[in-house]
Amino acid sequence: MRGLNLVAQVENWPLARAFVISRGAKTEAQVVIALVNDGEHFGWGECVPYARYGETVAGVVAAIEAMRDPLAAGLTRKELQTAMPPGAARNAIDCALWDYEAKASGLAASDAAGISDMRSVVTAFTISLGAPDEMAAQAKEAAQMPLLKLKLGGEGDEDRLAAVRAAAPQARLIVDANEAWTPASIQPLLAACERAGVEVVEQPLAADADAILEGMPRAVPLCADESLHDRRDLARIAARYDAVNIKLDKAGGLTEALALVTEAEALGLKVMAGCMVATSLAMAPAMLLAQRATWVDLDGPLLLARDRPDGLSYSAGMIAPPPRALWG
């Protein structure tokens, strides 16, 4: 690969409504873009710094800018995997390099990844944490969505589950507790999930308190989110969970995410393709991962007041493959 120029930039995208989870609320998505070019072809990638993992916008921008000289000297995407730790900054550069390689070669990123037939997939639509009647109202508004993802928060979750199920009797349901449950509450809440027909529960316990899940009987499968970032975490969590939520921002890019799904499948774990709240530029590379996922949660652009030009096409809960005018 010839030497590349690298630029980082910060963008703010207002949300259509406040996004609320157990750790707080936000009204805009702040994203960081990495852009690479060789003077003829360019590539770009988008990431979301996440405070839960100790990331800040300024820190991610600095980490991206620190790679200017290595990329100018010809650092490859493969070499990037050891030159930077997993996280949002590496994700932005990694996805930018995938996009650049596609544009420079004329070979679609999906083809380069060995995916010959990109298909549309069903995505979950997120119902923000709130009072039971508020969440029920959100579910009714999303009546055209076949798969709903409920953000839960601990106390009152049984009522939230019952209210949403009553409001959306035909919808498939998945749940994300965002580490808000406790060892004492998990079994009653899993029973409530079973009654509501929930398919999978993400990260019920804090990531540093999930050892008790190993061998724990459960009526509903459990999915690791905060407990899993990249392949190094698999050996530790494989006996505790039934599935893993793979997000490009956690894994540090599409390169690691594709390797991670292969190793997770070999261990008998199902896969969810997840995202942060971001634009279609962040979702586009994740669509390659989604081709191999049991559950897809790439609804970030649907939560925004507006999306990028040439964004992903969403229709009644289905996402079409990304246009090459956007990425890849």
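Predicted model: local features only at pLDDT ≥ 70, side-chain atom pairs only at ≥ 80, totals over all residues.

Cavities

Me: What counts as a cavity, and what as a pocket?
Reply: Rolling a probe the size of a water molecule over the atoms shows where empty space is left. On a 1 Å grid over the protein atoms alone, a cavity is a set of points where a 1.4 Å probe fits but cannot get out. A pocket is an open set with protein on both sides within 12 Å along at least five of seven lines, and lining residues have an atom within 4 Å of a point. Grid points are joined across faces, edges and corners, and a volume is the space filled by probe spheres set on the points. By this rule there is one cavity of 30 Å³ or more. The largest cavity holds about 100 Å³. It is lined by 14 residues, and Leu248, Asp249, Cys275, Met276 and Ala282 are the closest to its centre.

Me: Which helices supply at least two residues of that lining?
Reply: Helices (H or I, at least four residues) and strands (E, at least two) are DSSP runs, numbered from the N terminus. Helix H10 (248–251) and H12 each supply at least two residues of the lining of the largest cavity, and H12 gives the most, with three.

Me: Is helix H12 mostly covered or open?
Reply: Buried means under 20% relative accessible area, exposed over 50%, and partly exposed in between (1.4 Å probe, protein chains only). H12 (residues 280–290) is mostly covered, with eleven of its eleven residues buried. Among them are Ser280, Met283, Pro285 and Met287.

Me: What is the volume of the largest pocket, and which residues are closest to its centre?
Reply: The largest pocket has a volume of about 490 Å³. Of its 28 lining residues, Phe19, Ile21, Lys26, Tyr50 and Met276 are the closest to the centre. Strand E1 (5–21), strand E2 (24–37) and strand E6 (147–151) each give two or more residues to this lining, and E2 gives the most, with three. The lining of the largest pocket has twelve nonpolar, four polar and twelve charged residues.

Me: And what lines the second largest pocket?
Reply: The second largest pocket has about 190 Å³ of space. Arg17, Phe125, Thr126, Leu302 and Leu303 are the closest to its centre, out of 14 lining residues. E1, strand E5 (125–127) and helix H6 (132–141) each give two or more residues to this lining, with E1 giving the most, five residues.

Me: How does E6 sit in the structure, enclosed or open?
Reply: All five of the five residues of E6 are buried, so E6 is largely enclosed by the rest of the structure. Leu147, Lys149 and Lys151 lie on one face, with Leu148 and Leu150 on the other.

Me: Which strands pair with E6?
Reply: Strands of a sheet pair through backbone hydrogen bonds, either parallel or antiparallel. Two strands pair if DSSP finds at least two bridges between them. E5 and E6 run parallel and are joined by three bridges, one partner pair being threonine 126 and lysine 149. The chain crosses from E5 through H6 to E6 in a right-handed β-α-β crossover; right-handed means that, with the strands pointing away from the viewer, the path from the first strand over the helix to the second runs clockwise. E6 is joined to strand E7 (residues 172–176) by five bridges, also running parallel, and lysine 149 stands opposite isoleucine 174 in E7. The crossover from E6 through helix H7 (residues 157–167) to E7 is right-handed.

Me: Which side chain does arginine 308 contact?
Reply: A polar contact is a pair of N or O atoms within 3.5 Å; within protein, one must be able to donate a hydrogen and the other to accept it, and residues adjacent in sequence count only if both atoms are side-chain atoms. The side chains of arginine 308 and glutamate 46 are joined by a polar contact of 2.9 Å. Arginine 308 is buried, with a relative accessible area of 9%.

Definitions and conventions. Residues numbered from 1 in each chain as written. Heavy atoms only, no water. Nonpolar A, V, L, I, M, F, W, Y, C, P; charged D, E, K, R; others polar.
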